[in-house]
Amino acid sequence: MANPSMAKKRSPENISKNLKELYKAIPEVLDPSSKERRCIICGRRKPYEKEDVYRSIFPLLGTGGMLNFFPAANLHGGDICAHCLFLVQLMPVVAYNLSKVLVIHAYPYEKMLKLCEESFSRAKEEFLLSKDNDFEYNLDFKKAENFFFKKIIDITRKVETGSKFWKDISITLYYFINGNKSGSQDIDIIHIPNSVLRFIAFAGEVDIKGWKNIVKRGWGTSKKKSFEELEKKYSNEVYQRLLNDENILEFFYDKQEKKVNCKWNLLKFYCLEVLKLEEKVLSFIKEVGDRIVETIEKLEDNKLKQVVRELENSTKLYQFENFFVRVEKIRQQKGIPNPLLTFEEFARLLTSYGEDINMSWKVVKNLLLFRIYEKLHDRLSSSSELEEDSFEYEGG
Ligand SMILES: [Zn+2]
């Protein structure tokens, strides 16, 4: 209703008048048994007929230039009711102006209010400050998920309940362009899995520095820009994998520098909540990691590095098995009383987790490496000529 077609007639008074008329035109909800035409959005009311419903008043529709563009072959545009049209006129107030338009839809709605707070107060400011209430401000983010995850952490750090704020909430991002030229419309619909949402909130709450280390690796090591710059411009592999239900364990540590990127606590939350590992399985793997550390720390530096490299480089199951045999031999040579693993444990570790993407032996390998780097970082990185971490974390 405040669209370019209004041109010179566009004033707060006219917009308000249009909205009131539209509001008054909202019809009763149809009886479920009624055979009348229905709104394609809510399915509950008769479509609005006083005006053609094209892209200028409802986003992502056709322009009206092509008559059969609309699903119901209605010459007057989309079959949309006054109720849905009215609501969509208010959408700019809660939308974020990134490279495209971002609408964050959340349920329950009280959480949605929190997510839209910034955009809403910005809209109020614009209204108070400027003569024409265009939404001029641009948040300068290209990727919707980068902006969204930053927002999740910002909110988590402000609300009293912390990361628990995001329990039982469902969120979908709609990221679109409602261009006027043909072909300039598109939309990405991004569902945010609740486990991922809670994990990122938890990360921001308990180990923000560690989390930034992990995310930064998702931009690759070649980019020497600050976290904030990267966040605004580039797609991030860690975020992508989380959204695609793919494993991010290898981002928790840095193989080159032989160090972990975060605290065990954060890794644990990820394993239990996102990968859905059982707690007893995780503590078992951690314990095996500690037994390996107890064994290989008895080696001199060069040997120690060599053994760890063997684990790092094992890309096949048999290589991974060989690593355990090797460690067992070291145990015997060094006279450590108990075996590394009983036969039953060995079998459990290598086979019974199956080849499920989230719970294969590779998960075990990643967790063991994390534990080894955590405990033996100083010795593993000693006398190596690696550069220190090449970036600083601003604002962490
Ligand atoms: Zn409707």
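Where is the place of P108 in this structure? P108 sits in the loop between strand 2 and helix 4 (109-129). Residues are numbered from 1 along each chain as its sequence is written. The model is predicted: local features need pLDDT of at least 70, side-chain atom pairs count only at pLDDT 80 or more, and totals for chains, interfaces and linings use all residues.

**The overall picture**

The protein has 15 helices and six strands. Helices (H or I, at least four residues) and strands (E, at least two) are DSSP runs, numbered from the N terminus. Of the 396 residues, 25% count as buried. Here a residue is buried if 20 or more other C-beta atoms lie within 10 Å of its own, exposed if 12 or fewer, and partly exposed in between, with C-beta atoms placed from the backbone.

Two residues are in contact if their C-beta atoms, placed from the backbone, lie within 7 Å. Among contacts between residues at least 6 apart in sequence, 65% join residues at least 24 apart.

**Helix 2**

Which residues of helix 2 (residues 82-89) are buried? They are A82, H83, C84 and L85. Helix 1 (12-24) is part of what covers them.

**Strands that pair**

Two strands pair if DSSP finds at least two bridges between them. Strand 2 has antiparallel bridges to strand 1 and to strand 3. Strands 1 and 2 also make a hairpin, with three residues between them.

Most residues other than glycine have a negative phi, and most peptide bonds are trans. Let's meet some exceptions. Y107 and P108 are joined by a cis peptide bond, with omega about 0°.

D245, which is not glycine, has a positive phi near 60°. You will find D245 in the loop between helix 9 (237-243) and strand 5 (253-254). Why is D245 partly exposed? Because 13 other C-beta atoms lie within 10 Å of D245.

K276 is another residue other than glycine with a positive phi, near 60°. Its loop runs between helix 10 (264-274) and helix 11 (279-296). K276 has 10 other C-beta atoms within 10 Å, so K276 is exposed.
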